[in-house]
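Hi everyone, thanks for coming. Please have a look at the sequence and the structure on the screen, and then I'll walk you through them.

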Amino acid sequence: MNIHKEGHLIILISAAAIGIIATLVINFIHILTIPVLIILTLILAWVFWFFRDPVRIVPLPGDDMIYAPCDGKVVVIEKVLEPIYFKEERLLVSIFMSPLNVHVNRVPVGGIVKYNHYFPGKYLVAWHPKSSTENERNYSVIDQGAYQVGVVQIAGAMARRIINYLKTGETVKQGEELGFIRFGSRVDLYLPLDAKIEVKINDIVQGNLSCIARVEI
């Protein structure tokens with residue numbers, strides 16, 4: 001199992017802390033040794049599992065296809081007025097990532113990064129309607145050439161750090177790593193109004209593997 005680079009330090013710290021606790025339990029709390037060691041082992045296993053980084057190759061690359069930027073459940077599909085960058089109506093597709101999902105974020109379509117900005121904010125639960133505009137988030141816009149896609153990484157109640165690897169002006173390829181969000185979170189896509197949505201509410205999608213929408217170009 002591949003472990004994402006964002007998890008290396010956390011895993012080392014977690015393993016050290018669990019090792020210290022386990023040593024104290026073995027030496028001083030003999031009666032609880034087995035159950036505590038089981039719990040500590042499960043916690044460490046979950047930390048490893050959370051930072052897993054499976055190999056994901058886009059099955060059918062294409063400028064007309066917009067792939068899922070993350071794993072999770074589709075919780076919103078609606079037409080909205082986007083107030084930050086486009087300042088016009090766009091199709092919003094929101095994907096909720098639970099703590100059990102892979103939390104690597106990926107580039108949904110290749111192109112030039114036209115905008116990349118971090119916004120401090122609140123930590124409402126990721127499925128809250130206002131989390132898209134009030135939570136801590138990072139907003140990236142990728143210009144494919146024929147159209148533009150907005151990708152917003154949103155922190156949730158548990159997520160306390162958003163990592164974004166993009167730089168304004170650079171060229172990115174479809175399927176590359178966009179960033180990482182620690183623990184439960186959400187990713188929003190702002191798509192052109194003429195995009196044909198290929199998913200529906202409550203669909204489970206996978207980053208780089210699930211086609212979210214198609215755009216005629």
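At what angle do helix α1 and helix α2 pack? Before I answer, a word on the ground rules. This is a predicted model, where local features need pLDDT of at least 70 and side-chain atom pairs count only at pLDDT 80 or more, while totals for chains, interfaces and linings use all residues. Residues are numbered from 1 along each chain as its sequence is written, and side-chain values use heavy atoms, with hydrogens and water left out.

Now the answer: helix α1 (residues 8–28) and helix α2 (residues 33–50) pack at an angle of about 180 degrees, and their axes are 10 Å apart. That makes α1 roughly antiparallel to α2. For the terms, angles under 35 degrees count as roughly parallel, over 145 as roughly antiparallel, 65 to 115 as roughly perpendicular, and the rest as oblique. The axes are lines fitted to C-alpha atoms, for helices over the stretch in contact, and angles run from 0 to 180 degrees between N-to-C directions. Helices (H or I, at least four residues) and strands (E, at least two) are DSSP runs, numbered from the N terminus.

Who meets whom there? From α1, the residues include I10, I11, I18 and V25, and from α2 they include V36, L40, I43 and F48. Contact here means heavy atoms within 4.5 Å. The residues of this contact of α1 with α2 divide into 15 nonpolar, two polar and no charged. In that count, Ala, Val, Leu, Ile, Met, Phe, Trp, Tyr, Cys and Pro are nonpolar, Asp, Glu, Lys and Arg are charged, and the others, Gly among them, are polar.

Let's step back to the whole chain. Its secondary structure comes to three helices and 14 strands, and its C-alpha atoms fill a box of roughly 65 × 35 × 30 Å, taken along the principal axes. Of the 217 residues, 49% count as buried. Buried means under 20% relative accessible area, exposed over 50%, and partly exposed in between, with a 1.4 Å probe and protein chains only.

Next, strand β11. How many of the residues of β11 are buried? In this strand (residues 185–191), seven of seven are. S185, V187, L189 and L191 point one way, R186, D188 and Y190 point the other way, and all are buried. In a regular strand the side chains alternate between the two faces of the sheet.

And the partners of β11? Strand β3 (residues 88–97) is joined to β11 by seven bridges and runs antiparallel to it, with M97 opposite S185. Strand β7 (residues 148–155) is joined to β11 by six bridges, also antiparallel, and V152 has D188 as its bridge partner. Two strands pair if DSSP finds at least two bridges between them.

While we're on β7, please find G150, which lies in that strand. G150 is buried, with a relative accessible area of 0%. Leaving out residues up to four places away in sequence, G150 touches F86, Y139, S140, V141, D188, L189 and Y190.

β1 and β14 (residues 211–214) share three bridges, and I66 has A213 as its bridge partner.

The other has three strands in the order β4-β10-β8, again antiparallel. Its edge strands are β4 (104–106) and β8 (162–164), and the twist averages 20 degrees from one strand to the next. β8 pairs with β10 (residues 177–181) over three bridges, and N164 stands opposite G179.

Last, some backbone angles. Most residues other than glycine have a negative phi. K87, in the loop between β2 (72–82) and β3, has a positive phi of about 55 degrees. N208, in the loop between β13 (204–205) and β14, has a positive phi near 75 degrees. Are they buried or exposed? K87 counts as exposed at 60% relative accessibility, whereas N208 counts as buried at 0%.
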